[in-house]
Amino acid sequence: MNIVVLIKQVPGSTEIKVDPKTNTLVRDGVEAIVNPFDTYAVEEAVRLKEAQGGTVTVLTMGPPQAAEALKQALSVGADRAILVSDRAFAGADTLATSFTLAAAIRKTGGADIVIAGKQTLDGDTGQVGPEVAMHLKLPFATYVKKIESADGGKLRVERLVEDGYEVLELPTPCVITVVKEINEPRLPSLRGIMAAKKAEIVTWSAADLGEDAKRFGLSGSPTQVVETYVPERVKTGEMITGTVEQQVDRLVEKLKETGVL
Amino acid sequence: MAARITKKCIGCGVCVDVCPYGALELFEGQAIVSGHCTVCGSCAEVCPANAIEIEGAASEGLGAQDKAAWSGVWVFAEREGDGFAPVVRELLTKGRALGDELGEKVTAVLLGSGVTDWAGELIAAGADDVLVVDHLDLADPLIEPYMRTLVELVVNRKPAIMLAGATTLGRSVMPAVAAVLETGLTADCTALAIDSETRLLRQTRPTFGGNLMATIVCPERRPQMATVRPHVFQAGEPDPGRQGTTTVVEMDKAVFTTATTFMTKHVELAEGERLEDADVIIAGGRGMGKPESLTLLNDLAKLFDGAVGASRPPVDEGWLPYVHQVGQTGKTVGPKLYLACGISGAIQHTAGMATSEIVVAINRDADAPIFELADFGLVGDVNEILPALIERLKKERG
Ligand SMILES: Cc1cc2nc3c(=O)[nH]c(=O)nc-3n(C[C@H](O)[C@H](O)[C@H](O)COP(=O)(O)OP(=O)(O)OC[C@H]3O[C@@H](n4cnc5c(N)ncnc54)[C@H](O)[C@@H]3O)c2cc1C
Ligand SMILES: Nc1ncnc2c1ncn2[C@@H]1O[C@H](COP(=O)(O)O)[C@@H](O)[C@H]1O
């Protein structure tokens, strides 16, 4: 079973702060992490490989320092790491990103299963997984919380929906995006860390992908960010004090005023 | 492709301060650009020396479309049980306003089996037209048949704008449709407006867990697509007297084929317990102390006709299932009232609830960060305040 896992390096969100003077994100000293949902994707791929054999390839599109994210995936059991990196990819929206990743997946020789995270912390769209599937003309399932079985060219998954979960059976090859509930990612072993340090990271440029370069990056992106701003926090919160009785009275009064009661 | 700094740069650093992505720095008296650049253009706008050029136009690689041929606002009428997801009415009200501003029609798109009769409800909610594809194979919401049906409709009828709820279905089918049509899709929008000059749809969405808002347009490709968070737009009162047309569209059966099988669905939350639809969410965190205390949340939720939410610790402890978790790795909700009980307000939690209309926090630590977000804060013990609140509300209801 050949599995390709899509991972992205993102700023560790707990550290994200907004500079109140300039209204911009402060990125200094923000540690980069592997997008949390992608760690579940890696773990699930490694478990499938351990059960059934095969290889796990981790793939990312990003700046050179994203190699660090790939090394983390190698330290917990991925076999091969590919970094797709080129200035030509800058400014990519989800369409151009998924187009690029799909081209890279094809270049790896394809996969029986492609696993992505539910969404990223920074882009935060959850669109890349489904869009990759469409570029590869593969069926997909989003919000997968469990792989019930994976054999005989079929993948049976449980997929989280608003009020419970659905059970779907997809043919392989296919694409899935996974949620946190699917597993508990392992910690890297010492041997894994050592192996990851030495491992070679394959790097592909735009030219290596053999596609029309205009489909990458900004020129391949239909959307444009025209404005960014920090939302105003106009909350003038009221602290309700007093005895429990007084607090409850005041809260009920306030909730009535605002119309929710 | 990125922002390019030309020789005109005077090293003032204004661009460095304004870059939302931290992609610019000053180096030897000149601004330089790093790989973080998303070519958003903020820097070029503020540069006093006109020294920044934005290379390459967006979407030039995708081919031109005759934009004049595309018109109208479409709303995907997602079904839920025997009716529509609540977001559909919200979108029809908003879509109506956008359509009126453009002077264009609003069309609801209804897919399913045995649903043709439901079209009237969509007209009452604001649609001029309802396009119905009614087929047995559309009974279960499977991606490929839904995607192909929508693509087929769009290609033949050319809407300028297409909106869907940011539900699990909307967030799965819409990216597929957008990728096949090679157009843009903005996820999880919280504001939509028409640019009066360009007539483009301005789509605003929170990123970085709500720390930054981004307004996005799709200038050259059609349709302009967006998924929209439930609860951000107010649904208008339905008008049963509204006139509209219903068009039942026949499709070639090949459109419905798929190798994916829908096996079963397990319902874990009854109707009314779904967090995404709830007007009121009563949420508990680690501060609830023990699983037994959760009955307080349930009781209160019943009194408010609301749903029960949770931060991550109670879910990790197994006190209640993951479908209740709110936050970065859980659900994103935006109810009218979010009551946070024994929740500290870590950013991973608030990322999922910061757009709630009214936030009430109960926490015994007066310095808990959740109070920064709260409209009303009560410092105290949840085990004392919640029972008192429940008593009080019960009395009120008689
Ligand atoms: C990658 C990642 C993803 C995450 N995703 C999520 C997510 O989706 N959702 C989420 O919620 N968290 C998430 N977390 C965890 C998050 O960082 C916090 O740890 C979590 O939200 C804390 O939950 P809490 O507020 O219930 O608990 P705590 O932070 O322990 O806070 C408990 C609060 O209860 C108060 N308290 C205690 N006893 C009482 C009492 N008797 N009466 C009143 N108040 C009391 C305390 O003063 C305290 O403020 C994530 C973390 C990471 C690293
Ligand atoms: N640049 C990227 N490189 C590799 N995988 C990505 C990239 N961007 C997104 N993904 C994958 O797509 C998922 C959804 O991302 P997003 O659509 O940005 O929320 C992520 O969890 C990753 O698995």
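Helices (H or I, at least four residues) and strands (E, at least two) are DSSP runs, numbered from the N terminus. In these terms, Tyr338(B) belongs to strand 20 of chain B, which spans residues 337-341. The model is a predicted one, in which local features need pLDDT of at least 70 and side-chain atom pairs count only at pLDDT 80 or more, while totals for chains, interfaces and linings use all residues. Residues are numbered from 1 along each chain as its sequence is written, chains are lettered from A and ligands numbered from 1 in the order in which they are written, and side-chain values use heavy atoms, with hydrogens and water left out.

Tyr338(B) counts as buried because its relative accessible area is 0%, where buried means under 20%, exposed over 50%, and partly exposed in between (1.4 Å probe, protein chains only). Between Tyr338(B) and Asp279(B) there are 8.6 Å in space, C-alpha to C-alpha, although the two are 59 residues apart in sequence.

The description now turns to ligand 1, which lies between chains A and B. A residue is taken to be near a molecule if one of its heavy atoms lies within 4 Å of it. Of the 26 residues around ligand 1, those that come nearest are Arg286(B), Ser311(B), Thr329(B), Ser344(B) and Asn363(B). Polar contacts, defined as pairs of N or O atoms within 3.5 Å (within protein, one must be able to donate a hydrogen and the other to accept it, and residues adjacent in sequence count only if both atoms are side-chain atoms), can also be listed. An N or O atom in the side chain of Gln348(B) is 2.8 Å from an oxygen atom of ligand 1. The backbone contributes as well: a backbone N or O atom of Gln328(B) lies 3.1 Å from an oxygen atom of the ligand, and a polar backbone atom of Gly287(B) is 3.4 Å from a nitrogen atom of ligand 1. On its own, ligand 1 has 980 Å² of accessible area, of which the protein covers 79%; such areas come from the Shrake-Rupley method with a 1.4 Å probe, and for residues only the protein chains shown count as cover. Helix 8 (312-316), helix 9 (347-350) and helix 11 (382-397) of chain B are the elements that give two or more residues to the shell around ligand 1.

Ligand 2 has 19 residues around it, of which Leu6(A), Asp38(A), Thr120(A), Thr125(A) and Gly126(A) come nearest. A polar side-chain atom of Thr120(A) lies 2.8 Å from an oxygen atom of ligand 2. Nitrogen atoms of the ligand also take part: one is 2.9 Å from a polar backbone atom of Met61(A), and a backbone N or O atom of Ile7(A) lies 3.4 Å from a nitrogen atom of ligand 2. The protein covers 97% of the 480 Å² of accessible area that ligand 2 has on its own. Strand 6 (55-61), helix 3 (94-107) and strand 8 (113-117) of chain A each give two or more residues to this shell, and strand 6 supplies the largest share, three residues.

Elsewhere in chain A, Ala133(A) sits in helix 4 (residues 128-135). Ala133(A) is buried, with a relative accessible area of 0%. Ala102(A) is 31 residues from Ala133(A) in sequence, and the two are 7.8 Å apart in space, C-alpha to C-alpha. Met194(A), by contrast, is found in helix 5 (residues 190-198) of chain A and counts as partly exposed because its relative accessibility is 45%.
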